[in-house]
Amino acid sequence: MSEKVFVESWLDVLREACEGGRPGEGTAFLDNTNPDGSGNHGLFATLDALTAEQASDPTALGTSVAAHAAHVAFHLEVMVRWAGGDRGPFDWKGSFEPRAVDAARWQATRDRVRAAYQAVVDLARKTEAWDEDAAGGLAASLAHVAYHLGAIRQVVKLVP
């Protein structure tokens with residue numbers, strides 16, 4: 001198998017985690033998206049379904065969706081920075097801020113998640129020499145997004 005095929009396969013699963021399933025097609029791990037586009041359980045659709053007030057609710061689990069979303073964006077941004085040689089320090093604790101958002105900040109957070117995701121996809125597609133850091137970063141990005149998508153979907157069940 002070529003590196004390109006391997007990378008595109010990883011990116012396809014990362015796309016599913018972020019964008020959801022393609023309407024009417026099978027999925028690797030999320031519930032299928034219906035042919036009409038409804039039933040999308042990807043990160044973007046999950047975040048877009050929430051108001052700023054809902055995204056700010058920490059629920060009994062303690063971490064709001066807004067905080068998870070900010071952290072996901074930060075992690076993806078760090079992956080791209082790391083690939084460019086930046087070794088930090090990185091403010092992981094602060095990456096869960098803001099925990100509460102107004103409508104404008106919620107839109108900005110969702111835009112940031114999308115931009116960070118696209119930056120990782122672009123980086124992966126332009127990477128020519130895959131070393132342990134690059135491969136590990138892509139694997140970590142997929143695992144990290146999938147973990148937080150699951151956590152967010154659990155928090156959403158508790159949001160009024």
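Which residues in H4 meet which residues in H5? In this predicted model, the H4 side of the contact is made up of Val-65, Ala-66, Ala-69, Ala-70, Ala-73, Phe-74, Leu-76, Glu-77, Met-79, Val-80 and Ala-83, and these meet Trp-106, Thr-109, Arg-112, Val-113, Ala-116, Tyr-117, Ala-119, Val-120 and Leu-123 in H5. Sorted by class, the residues of this contact comprise 17 nonpolar, 1 polar and 2 charged. Helix H5 spans residues 103-126, and its axis lies 9 Å from that of H4, with an angle of about 30 degrees between the two helices as they pack. Because an angle under 35 degrees counts as roughly parallel, H4 is described as roughly parallel to H5. The crossing of these two helices, H4 and H5, is left-handed.

Helix H5 also packs with helix H1, which covers residues 3-19, and here the axes come within 11 Å and cross at roughly 175 degrees. Angles over 145 degrees count as roughly antiparallel, and H1 and H5 are therefore roughly antiparallel to each other. On the H1 side, the residues in contact are Val-7, Glu-8, Leu-11, Leu-14, Arg-15, Cys-18 and Glu-19, while H5 contributes Tyr-117, Val-120, Val-121, Ala-124 and Arg-125. This contact has 8 nonpolar and 4 charged residues, with no polar ones.

Helix H1 packs in turn with H6, at an angle of about 20 degrees and with the axes 9 Å apart, which makes H1 roughly parallel to H6. The crossing of H1 with H6 is left-handed. From H1, the residues Val-7, Trp-10, Leu-11, Val-13, Leu-14, Ala-17 and Cys-18 take part, and they meet Leu-138, Ala-139, Ser-141, Leu-142, Val-145 and Leu-149 in H6. In terms of class, the contact of H1 with H6 contains 12 nonpolar residues and 1 polar residue, and no charged residues.

The largest pocket of the model has a volume of about 310 Å³. It is lined by 17 residues, of which Met-79, Trp-82, Ala-83, Asp-133 and Ala-134 are the closest to its centre. Helix H4 (65-83) and helix H6 (132-158) each supply at least two residues of this lining. By class, the lining residues divide into 10 nonpolar, 4 polar and 3 charged.

Several features of the backbone concern the loops. Most residues other than glycine have a negative phi, and most peptide bonds are trans. The peptide bond from Gly-88 to Pro-89, however, is cis, with omega near 15 degrees, and Pro-89 lies in the loop between H4 and H5. A cis peptide bond likewise joins Glu-97 and Pro-98, where omega is about 5 degrees, and Pro-98 is also found in the loop between H4 and H5. A positive phi, near 50 degrees, is found at Thr-59, a residue other than glycine. The place of Thr-59 is in the loop between helix H3 (52-56) and H4.

Methods: Residues numbered from 1 in each chain as written. Predicted model: local features only at pLDDT ≥ 70, side-chain atom pairs only at ≥ 80, totals over all residues. Heavy atoms only, no water. 1 Å grid on protein atoms, 1.4 Å probe; cavity = no way out; pocket = protein on both sides within 12 Å on 5 of 7 lines; lining within 4 Å. Points joined across faces, edges and corners; volume = space filled by probe spheres on them. Helix = DSSP H or I, 4+ residues; strand = E, 2+ residues; numbered from the N terminus. Nonpolar A, V, L, I, M, F, W, Y, C, P; charged D, E, K, R; others polar. Axes fitted to C-alpha atoms, helices over the stretch in contact; angles between N-to-C directions. Parallel < 35°, antiparallel > 145°, perpendicular 65-115°, else oblique. Left-handed = near helix turned anticlockwise from the far one by under 90°. Contact = heavy atoms within 4.5 Å.
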